[in-house]
Amino acid sequence: MLRKIKLYGELAEFVGHKEFEVQVDSLAKAVSFLINNFEGIDKFMSPKYYQVKIGNYEIDESELTYPIGQEDIHFTPVIAGAGGRGGLGRVLLGAALIGVGIVSGGTGFALN
């Protein structure tokens with residue numbers, strides 16, 4: 001089933017798009033889609049922090065490979081020094097996202 005991946009802020013600017021429809025069943029595969037379709041995104045995302053939501057649910061590091069259901073996937077960059085990360089809920093380091101995206105593979109992904 002197709003899911004929407006929505007990018008915000010500087011991540012959307014880097015990629016040049018704010019939204020995609022792709023066939024993925026986990027957050028790891030969504031990240032793999034980004035890695036395999038946008039050169040340099042792994043280096044861009046690695047040192048930064050992101051709030052990642054499936055629908056309205058904030059994901060933590062232990063849930064990166066869980067099935068995502070039918071909800072949209074949201075990647076929102078968290079600006080460093082913006083009052084600390086404590087009040088922003090769950091925040092993930094881009095390197096963790098990239099690592100799980102690389103491990104999950106990614107063959108067969110394409111832009112729709």
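Reader: Why does Gln 51 count as buried?

Author: This is a predicted model, in which local features need pLDDT of at least 70, side-chain atom pairs count only at pLDDT 80 or more, and totals for chains, interfaces and linings use all residues. Residues are numbered from 1 along each chain as its sequence is written, and side-chain values use heavy atoms, with hydrogens and water left out. Buried means under 20% relative accessible area, exposed over 50% and partly exposed in between, with a 1.4 Å probe and protein chains only; Gln 51 has 16% relative accessibility, so Gln 51 counts as buried.

Reader: What makes the aromatic pair of Phe 14 and Phe 44 stacked?

Author: Rings of Phe, Tyr and Trp (its six-membered ring) pair if their centres lie within 6.5 Å, and planes under 30 degrees apart count as stacked, over 60 as edge-to-face and the rest as tilted. By this rule there are four aromatic pairs. For Phe 14 and Phe 44 the centres are 4.3 Å apart with 15° between the planes, and the pair is stacked.

Reader: Why is the pair of Phe 20 and Phe 38 called tilted?

Author: Their ring centres are 5.5 Å apart and their planes stand at 50°, so this pair is tilted. Both Phe 20 and Phe 38 are buried, and ring pairs link Phe 20, Phe 33 and Phe 38 into a cluster.

Reader: How do you know that the charged end of Lys 48 sits over the ring of Phe 44?

Author: A charge sits over a ring if NZ of Lys or CZ of Arg is within 6 Å of the ring centre and within 35 degrees of the ring normal; the charged end of Lys 48 sits over the Phe 44 ring, 3.9 Å from its centre.
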